[in-house]
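Please examine the sequence and the three-dimensional structure shown below. The explanation after them is intended to be read with both in view.

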Amino acid sequence: MVHIENLVKRYGDLLALDHLNLDIKEGEIFGLLGPNGSGKTTALNCLLALLRYDKGRITVFGKDMTPDSYELKQGIGVIPQNVAVFDQMSVYENIDYFCGLYVSDKKKRRALVEEALKFVELGDYQKMRPKKLSGGLLRRLNIACGIVHKPKLIIMDEPTVAVDPQSRNNILEGIKRLNENGSTIIYTSHYMEEVEQICTRIAIIDKGQVLATGSTEELKAMIKTGETIRIENLVLTEEHLADMRELPHVYRLDYQEQTLVVRLSSAKHNLVRFLNYLQAKDIPFGRVLSELPTLNDVFLEITGKELRD
Amino acid sequence: MIVFKGFMKLVKKNAGIALMYISIFFSISLMVSKNLNTNTDDSFTASELLVTVIDRDQSPLSEALSAHLGETFTLVPLEDKENVLQDALFNRRTQYIIQIPENFQDDFQTGSQELITNKIPDSTNGMYADQTVDAFLNDVRSLNLAGYSLEEACQETKKAASVTADISLISEDTSVFSTYSFIFVYMPYIILCLCCYIPPIVLLAFRKKDLRTRILSAPISSRSQSLQLFLGFALLGLGFWVLNLLFVLAMDGKAFLQSPNVSYYLGNSLCLTLVSLAIAFLISTFLKRDDALSAITNVISLGMCFLCGVFVPLTLLGDSVKKFAQFLPLYWYENNVSLLNKVAITTKSQTLQLYQGFGIQLLFCVALVSIALMVNKRMNVIEK
């Protein structure tokens, strides 16, 4: 559905996109995961032909995407990072206006607006102005304005930034429903949990390059980390740390502020071995957590830095 | 036309502010124009000077002078006694007493004649009567020296004085304006306020970064979007202009439509509207936040109105202020209005001056739009 090939975009000396390649298939919820400034929004703006790029090729629905590709744009819905609505129009007027950019028939538009209102559950607020809506409701309005014309491809640029957890879950559920209704979704975020929760395939981006692509499982399988053990409130000496590094399957060990984080390759009894060591050395400790690898671990292992750095 | 419709919808949402500006302006205009109508400067009635002639000479010349004064003023006959004359002047039963002494005619021919006059000290009436007497005697003397006998000279002077000329007023210094001319003087303030506030605040809404991204992602060319916004901008400006003209018609429509300068007033105010829209376009190019707009509107509208002769007449402004004001478009509007308010029918040079004013305003308009477009282009490059 979307094919990006060797995309290069420079802002003066800054290389924002460095031979970026993406292939997004119909029916996917495709996640673009990367830290702030990694090139996610730039890639989307190039995809929407809002930005000129220096090199590369973008095709959408099998056709080259250019600023004049109105036929292609008709099938795309955009949900920008910040809430992009008119403050002086009501909820209904806003959705109707953005629908009008795609659908000129008034009757058809009315039906679509009603449907969108129902989808984001804003029917009770349709006469209110955006300024009177809460953050979560505003985000829903933002989504309604982007999906009202029932696009085949929906581009969502960090739609859950600064949203409370409950509203975030609502939004994520809504995205899943849109996908079930047949829309392909490109979803950018720097929240790995979200991406992990809803995306069928993920591309990890950093410094304008795709570092890895695949499903969550595929990405996790690419790295050495099979388990992360976190032990809190314990006091360790250099000797203890050296001993622990020698334990089987340990490949990375960090100790900071009385918290020990150990990354181990997948194996049986990793946690038991650590607890036995602490007991043998008579070291008191607090909470113990054993976690399966996350996308953050994937990002950390590929780039050497945390996703939220 | 969805972008245009959206523009107009937002205009409608801001109609409250526009109405506030309009109602304040129109109320003040109403109050001031009512004051104008009670002005008594034009309720003039002619009054004749009361003159007493004491003719002790009884010569043809003295009689001719008496007759001339009788035709020009109202003669008040009084007894030739000093105390009677003094009392009459004191009581204002007469305003000017002229005593023609014996041998006046003989003395006149030798150039040694003397007239005794009594008048209210420093009065304009007295000076006017003095001038009338002097003018009559000078005319008689001129004719006498030219060969006419004294009697003939008196008759010719009388004949010449009776000739009247038909005068039609082609230039009138109307220091008191009619209501419509008053509205045209103050029109820049309301036009500037409306144009600098409403269109930019609407354009600003369309220029919000993410909203622009969303609109540009839609299947409408950016050219079409810009044209629709431009159309909205222009129609709005024209709407403000028409609204002001309707106000002029409502307040003083009959007099305005009878004025031979209607077309010039219309042309001048249209140029003003175009310049105001150009200023508004430039403002909206630089504007990033709408909370600054109110202050910007006030600074521009009040500043220009004070500097360019809207609130203070151009004639009262200092030379340096006027020189500076010439670099502002409003000066040329006010310059034209002050000319139109002075003259009923324009001469060729005045017409040329008016067209020059229109031209300069339009040049300002082109220059401002060009600057705005250049800045816009530069900003777009920076953003990209």
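This is a predicted model: local features need pLDDT of at least 70, side-chain atom pairs count only at pLDDT 80 or more; totals for chains, interfaces and linings use all residues.

Residues are numbered from 1 along each chain as its sequence is written, and chains are lettered from A and ligands numbered from 1 in the order in which they are written.

Chain B contains 15 helices and four strands. These elements are DSSP runs numbered from the N terminus, helices (H or I) having at least four residues and strands (E) at least two. Of the 384 residues in chain B, 34% are buried. A residue counts as buried if 20 or more other C-beta atoms lie within 10 Å of its own, as exposed if 12 or fewer do, and as partly exposed in between, with C-beta atoms placed from the backbone. Two residues are in contact if their C-beta atoms, placed from the backbone, lie within 7 Å. Among the contacts in chain B with a separation of 6 or more, 76% are between residues 24 or more positions apart.

The strands of chain B can be considered next. Four strands form an open sheet in the order E2-E1-E3-E4 (chain B), and their pairing is mixed. Strands pair if DSSP finds at least two bridges between them. Strand E2 (74-75) and strand E4 (116-119) of chain B are the edges; each has a single partner strand, so one side of each lacks a neighbour in the sheet. Strand E3 (residues 96-100) of chain B runs antiparallel to E4(B), and four bridges join the two. In one of these pairings, Gln99(B) has Ile116(B) in E4(B) as its bridge partner. Helix H3 (residues 60-72) of chain B packs on the sheet, where it touches strand E1 (50-55), E2 and E3 of chain B, and its direction makes about 170° with that of E1(B). Helix H6 (residues 124-145) of chain B also packs on the sheet, touching E1, E3 and E4 of chain B, with its direction at about 35° to that of E3(B).

The loop between E1 and H3 of chain B holds Gln58(B). This residue has a positive phi of about 55° although it is not a glycine. Gln58(B) is exposed, with 12 other C-beta atoms within 10 Å.

Two packed helices are described by the angle between their axes and the distance between the axes. The axes are lines fitted to C-alpha atoms, for helices over the stretch in contact, and angles run from 0 to 180 degrees between N-to-C directions. How do H1(B) and helix H10 (residues 222-258) of chain B cross? Their axes come within 8 Å and cross at roughly 35°. Residues of H1(B), including Phe4(B) and Phe7(B), meet residues of H10(B), among them Leu229(B) and Leu236(B). By class, this contact of H1(B) with H10(B) has eight nonpolar, three polar and no charged residues. Ala, Val, Leu, Ile, Met, Phe, Trp, Tyr, Cys and Pro count as nonpolar, Asp, Glu, Lys and Arg as charged, and the others, Gly among them, as polar.

The contact between the chains involves 19 residues of chain B and 22 residues of chain A. On the side of chain B that touches chain A, the elements giving two or more residues are helix H1 (2-13) and helix H9 (209-216) of chain B. H9(B) gives the most, with six residues. The residues on this side of chain B divide into nine nonpolar, four polar and six charged.

In chain A, strand E8 (residues 184-189) is mostly covered, six of its six residues being buried. Thr184(A), Ile186(A) and Thr188(A) point one way from E8(A), whereas Ile185(A), Tyr187(A) and Ser189(A) point the other way. Strand E3 (residues 29-33) of chain A runs parallel to E8(A) and is joined to it by five bridges. Within E8(A), Ile186(A) is the bridge partner of Phe30(A). Strand E7 (residues 153-157) of chain A is likewise parallel to E8(A), with five bridges, and Met156(A) stands opposite Tyr187(A) in E8(A).
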